[in-house]
Amino acid sequence: MSSNAPSRPGTIMSGEMAEQPAVLRRILDEGAPAIREVAERIAAQNPRFVLLTARGTSDNAALYAKYLLEIRLGKPCGLTSMSTTTAYGAEPDLTDCLVITISQSGGSPDLVASTKAAREAGAITLAVTNNADSPLAQVSEHHIDVLAGPEKALPATKTYTAELLALYLFVEGLRGAGEEAARSAGNLPGLAEAVLSRKSEVKALAARYRFAERMVLTSRGYGYPTAKEAALKLMETSYIPALSYSGADLLHGPLAMVDNISPVIAVVADGKGGEALQPVLERLRDRGADLVVIGRQDEVDRASAGFALPTDGLAEELQPIVQILPLQMLAYEVTMARGQDPDAPRSLAKVTETR
């Protein structure tokens, strides 16, 4: 076959999903010391609050980092609106503020411009990218390479889980627990490999939901970024409208649209987030929702369908790295079952050049 021949649909995304255990292992073996060093340098600068800047999949990684920073570090933390500086020319005082910009490519002009503006406004700037030579890395004071290797499929998979692990190690490094964090995360590559091997279970879910006209995803706490990222993956690959809500927000109005036809996917963490989601799950069951649970086996057994996660002994803040894997696979399998190519969603580019 010619090297220029097109690959079969889904080949690239499938291959990159399969790389995730190796990427996680690489971060732990090769990247953790450098991440810890960056964390120590920034901790010495004593930032008083944190702002996170990102788009798309990286925005969901930023939301995960927000939970980590607020819960594990007790730092005030927010997500930025880049247009305040790039479009409106605002000049905030960011003295002693840590601005973390997360981007797989590090090439989007608005990310580069807003980070440059933040640095000029007195911020401590950190870029988290998959490209150490990117414009974003160059304009930032500090940089973390997530070491995921080239990602060619338009839907980001391995770079997302790499960002999550890198951000976890960084935040733990800020609190002086970097080495302990790396040990706590040591079983992630094996867990990821085990989850990714269960393709037949995900194919069965995909066969059940391939004709869905809408999906709703929900979670609480650390699982909420997983729900948002899964919704994004489903929309960009299969084109199914997928709405993501915090469980608390779902009860404030959107619950009215839930019926027994459109599936509701609940990411149920083994921990406080899962406990907080219980009243929501009860309301969903009361409404006769087609409830799909990604979580512990006992939670799956009480739902219409689901995927049981091996989270015993895994800290809740690390579970999102495992939670997203079956949902990436679900997006892939639903898309393939609908006769579409998940490698190349229509109208999308790998580097989105927003300004």
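Five strands make up an open sheet, ordered β7-β6-β8-β9-β10, with parallel pairing. The model is predicted, so local features need pLDDT of at least 70 and side-chain atom pairs count only at pLDDT 80 or more, while totals for chains, interfaces and linings use all residues. Residues are numbered from 1 along each chain as its sequence is written, and side-chain values use heavy atoms, with hydrogens and water left out. Helices (H or I, at least four residues) and strands (E, at least two) are DSSP runs numbered from the N terminus. Two strands count as paired if DSSP finds at least two bridges between them.

- Axes are lines fitted to C-alpha atoms (for helices, over the stretch in contact), and angles run from 0 to 180 degrees between N-to-C directions.
- Strands β6 (residues 215-219) and β8 (residues 263-267) run parallel and are joined by three bridges. Val-216 has Val-264 in β8 as its bridge partner.
- Helix α10 (residues 199-209) packs on the sheet and touches β6, β8, β9 (290-295) and β10; its direction makes about 160 degrees with that of β10. Contact here means heavy atoms within 4.5 Å.
- Helix α13 (residues 272-286) lies across β6, β8 and β9, and runs at about 160 degrees to β8.

- Six bridges pair β3 (residues 97-103) with β4 (residues 124-129) in the parallel sense. Within this sheet, Val-99 stands opposite Thr-125 in β4.

**Nonpolar cores**

- A nonpolar core is a set of buried Ala, Val, Leu, Ile, Met, Phe, Trp, Tyr and Cys residues joined through side-chain atoms within 4.5 Å. Buried means under 20% relative accessible area, exposed over 50%, and partly exposed in between (1.4 Å probe, protein chains only).
- The largest core has 83 residues, and those with the most contacts inside it are Ile-100, Leu-126, Leu-165, Tyr-168, Leu-169, Phe-170 and Leu-188. Helix α7 gives the most to this core, with eleven residues.
- Leaving aside neighbours within four places in sequence, Leu-126 is in contact with residues including Val-38, Ile-42, Ile-100, Ile-144 and Phe-170.
- Another core, of 17 residues, lies apart from the largest one; among its members are Val-216, Leu-255, Val-264 and Ala-308.

**Salt bridges**

- A salt bridge is a side-chain nitrogen of Lys or Arg within 4 Å of a carboxyl oxygen of Asp or Glu. The count by this rule is 16.
- Glu-19 pairs with Lys-158, with the closest N and O atoms 2.7 Å apart. This bridge links distant parts of the chain: Glu-19 is in the loop between α1 (11-18) and α2 (20-45), and Lys-158 is in α7, 139 residues apart. Glu-19 is partly exposed at 32% relative accessibility, whereas Lys-158 is buried at 1%.
- Arg-175 pairs with Glu-172, again through a salt bridge with closest N and O atoms 2.7 Å apart. Arg-175 is partly exposed at 40%, and Glu-172 is buried at 3%.
- Lys-233 and Glu-236 form a salt bridge with closest N and O atoms 2.8 Å apart. Both lie in helix α11 (residues 224-238), three residues apart, about one turn of the helix. Lys-233 is buried at 0%, and Glu-236 is buried at 15%.
- A network of salt bridges links Asp-270, Arg-296, Asp-298, Glu-299 and Arg-302.

**A buried threonine**

- Thr-335 lies in helix α15 (residues 319-337) and counts as buried because its relative accessibility is 0%.
- Apart from neighbours within four places in sequence, Thr-335 is in contact with Thr-237, Ser-238, Gln-340, Asp-341 and Pro-342.
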